[in-house]
Amino acid sequence: MAQIQSVLSSDDLAELNRNVTDYNAKLRSDNQKLPQQDMGRDEFLKLLLTQLANQDPTAPLEDKEFVAQMAQFSSLEQMTNMAADFSRLARMMSGSDATNALGRSVEIMDGDNTINGSVQAVMRDDTPKVLVNGSYYNWDQVTKVYYEGDQNL
């Protein structure tokens, strides 16, 4: 905030604060929700570039601050990549589980109905589906998989 005050006059700063307050109030009334509080990778990079472009040439960013911000950006990028990798891994595991149920008897909860039958086919997609008794069901609806000799149908 100290950098902004050294660049903007007190009148300009007061007008900027009024504009931000008015804009946030309009967002709340239009959307009936608060602005997003989490900062993503793109927002962080835009903020950093804006900060670098508008810094006071007589008081540039301290090296420690810049290195800390770059480390935060690097950590954010790594966490984003890890989250995407974990999502892919979870989808692959779910698809593998569905494929392993092929030919086995299953119990499926479809709303309040319980469906028992044998898995005749598997569609491996973002959400794997199993074909049971002529209808496809999402894999996450399967509540039990029976192995040979363990069918209590």
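In what order do the five strands of the open sheet sit? Read across the sheet, the order is 4-3-2-1-5, and the pairing is antiparallel. Keep in mind that you're looking at a predicted model.

## The sheet and its edges

Strand 4 and strand 5 (142–146) take the edge spots. Each of these two has a single partner strand, so one side of each is left without a neighbour in the sheet.

Strand 2 (residues 113–123) runs antiparallel to strand 3, and four bridges join them. Strand 3 (residues 129–132) is also joined by four bridges to strand 4 (residues 135–138), again antiparallel.

K129 is a handy residue to look for here. Opposite K129 of strand 3 stands M123, while in strand 4 the bridge partner of K129 is N138.

Strands 3 and 4 make a hairpin, with two residues between them. One to spot in the turn is N133, which has a positive phi of about 55°.

Now hop over to E107, which lies in strand 1 (residues 105–110). Does E107 count as buried or exposed? E107 is buried, yet it has no salt bridge. The nearest side chain of opposite charge belongs to K144, 4.2 Å away.

Note on methods:
Residues numbered from 1 in each chain as written. Predicted model: local features only at pLDDT ≥ 70, side-chain atom pairs only at ≥ 80, totals over all residues. Heavy atoms only, no water. Pairing = 2+ DSSP bridges. Buried < 20%, exposed > 50% of the residue type's maximum accessible area, 1.4 Å probe, protein only. Lys, Arg positive; Asp, Glu negative; His and termini not counted. Salt bridge = Lys/Arg side-chain N within 4 Å of Asp/Glu carboxyl O.
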